[in-house]
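Thank you for sending this model; below are some notes to read beside it. Please keep the sequence and the 3D view open as you go.

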Amino acid sequence: MLQRAWIAAVCLLCAANAAIAVEVAPGVTLLPGEFVAGRQPDGNSVVFRAPAGLVVVDTGRHASHTQAILDLAARAGVPVAAVINSHWHLDHVGGNPRIRRAFPAVRVWASDAIADALTGFLANYRRQLIEAAAQTQDAEERKGYQDELAIIDAGPALAPDEVVSAGGARTIAGMRLELGLERYAVTAGDVWVFDPASGVLATGDLVTLPAPLFDTACPRGWQAALGRLAAVRFTVLVPGHGPALTRADFETYRAGFDRLLTCADGKQPDVACIDGWLRDLGPLVAEGDRKLARSLLGYYLQTSLHAEPAVTAKLCGGGKIGA
């Protein structure tokens with residue numbers, strides 16, 4: 001989530017989730033992201049204990065979230081040996097510069113999609129941030145804009161050292177992992193990470209709760225990516241936002257996603273599509289998150305799922321993925 005929350009101010013992000021480390025499997029820790037009212041979120045971080053140190057999937061946005069990663073490394077007495085970024089959204093790569101400063105030998109793995117984002121989407125967002133910072137009289141709000149600008153201006157520190165150009169098995173920090181690359185799904189290049197030893201799959205924003213986040217997404221490409229995730233033999237799935245899921249939870253999410261797209265393509269009113277999502281997901285959307293889910297889906301139905309064909313085609317790689 002990028003321009004929508006800061007610039008368009010469609011909705012305020014809701015009640016904070018306490019950033020308490022959760023062991024989702026032996027040797028695998030989830031550091032939950034936070035939704036705090038009035039500021040941009042942090043995505044989840046997944047930390048794997050590897051022979052050569054920690055392998056961290058996504059580094060958050062705010063200093064407090066990244067510090068939790070550094071604190072975990074300090075308690076374990078090992079370095080952060082590698083970072084894998086699921087995608088280029090700032091709530092998933094924003095902590096990269098801090099990790100690099102603390103551990104200069106760290107290697108960052110990601111797709112190459114951030115290169116185009118820095119000259120396209122993020123460059124446009126940067127211009128909006130500068131304008132918003134100049135117009136506000138609120139010092140705290142101005143600092144928020146400036147913090148966002150600082151992340152974007154880190155430029156090369158956000159980018160990968162190792163470009164994931166195809167899926168397959170990799171040995172990272174002495175640990176055998178399976179990486180997947182999805183083109184034109186949530187972004188132009190989304191990386192997922194599967195640890196066969198623990199059964200944990202980290203998906204980034206290919207799965208998010210309380211609702212899918214379509215800011216830079218190709219909806220049909222995303223739908224196809226979920227089908228490929230279903231073929232991974234995971235037992236625990238950690239989404240980009242929200243709690244860890246079982247395989248049955250994921251199948252519920254996937255079915256709800258399919259029905260959301262079908263509804264959006266039809267002639268039903270948007271409220272029917274939103275009601276359908278909440279009904280289909282059931283308890284996966286916590287009662288306290290339902291208002292946020294409604295706000296998010298109301299926004300995305302108008303701006304993404306009902307977008308002009310040319311807009312959708314661009315996000316789908318100029319027609320490389322069915323719009």
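Predicted model: local features only at pLDDT ≥ 70, side-chain atom pairs only at ≥ 80, totals over all residues.

1. Residues are numbered from 1 along each chain as its sequence is written, and side-chain values use heavy atoms, with hydrogens and water left out.

2. Seven strands make up an open sheet with mixed pairing, in the order β1-β2-β3-β4-β5-β6-β7; strands are DSSP runs of E of at least two residues, helices are runs of H or I of at least four, and both are numbered from the N terminus. Its edge strands are β1 (22-25) and β7 (162-163), each of which pairs on one side only, where pairing requires that DSSP finds at least two bridges between two strands. Within this sheet, β5 (residues 80-84) and β6 (residues 107-110) run parallel and are joined by three bridges, and Ile84 has Trp109 in β6 as its bridge partner.

3. Helix α2 lies across β2 (28-31), β3 (45-50), β4 (53-57) and β5, and runs at about 150° to β2; axes are lines fitted to C-alpha atoms, for helices over the stretch in contact, and angles run from 0 to 180 degrees between N-to-C directions. Gln67 belongs to this helix, which spans residues 63-76. Gln67 is partly exposed because its relative accessible area is 39%, the class between buried (under 20%) and exposed (over 50%), using a 1.4 Å probe and protein chains only. The C-alpha atom of Gln67 is separated by 8.9 Å from that of Ile99, although the two are 32 residues apart along the chain.

4. A five-stranded open sheet, also with mixed pairing, has the order β8-β9-β10-β11-β12, and its edge strands, each pairing on one side only, are β8 (168-172) and β12 (236-241). The twist averages 35° from one strand to the next. Helix α8 (residues 219-229) packs on this sheet, touching β9, β10 and β11 (200-208), and its direction makes about 165° with that of β11; contact means heavy atoms within 4.5 Å. Strands β9 (residues 175-182) and β10 (residues 190-195) run antiparallel, with five bridges between them, and Leu181 is partnered by Val191 in β10.

5. The axes of helices α9 (residues 247-265) and α11 (residues 290-305) come within 11 Å and cross at roughly 60°. Leu260, Leu261 and Ala264 in α9 meet Leu297, Leu301 and Leu305 in α11.
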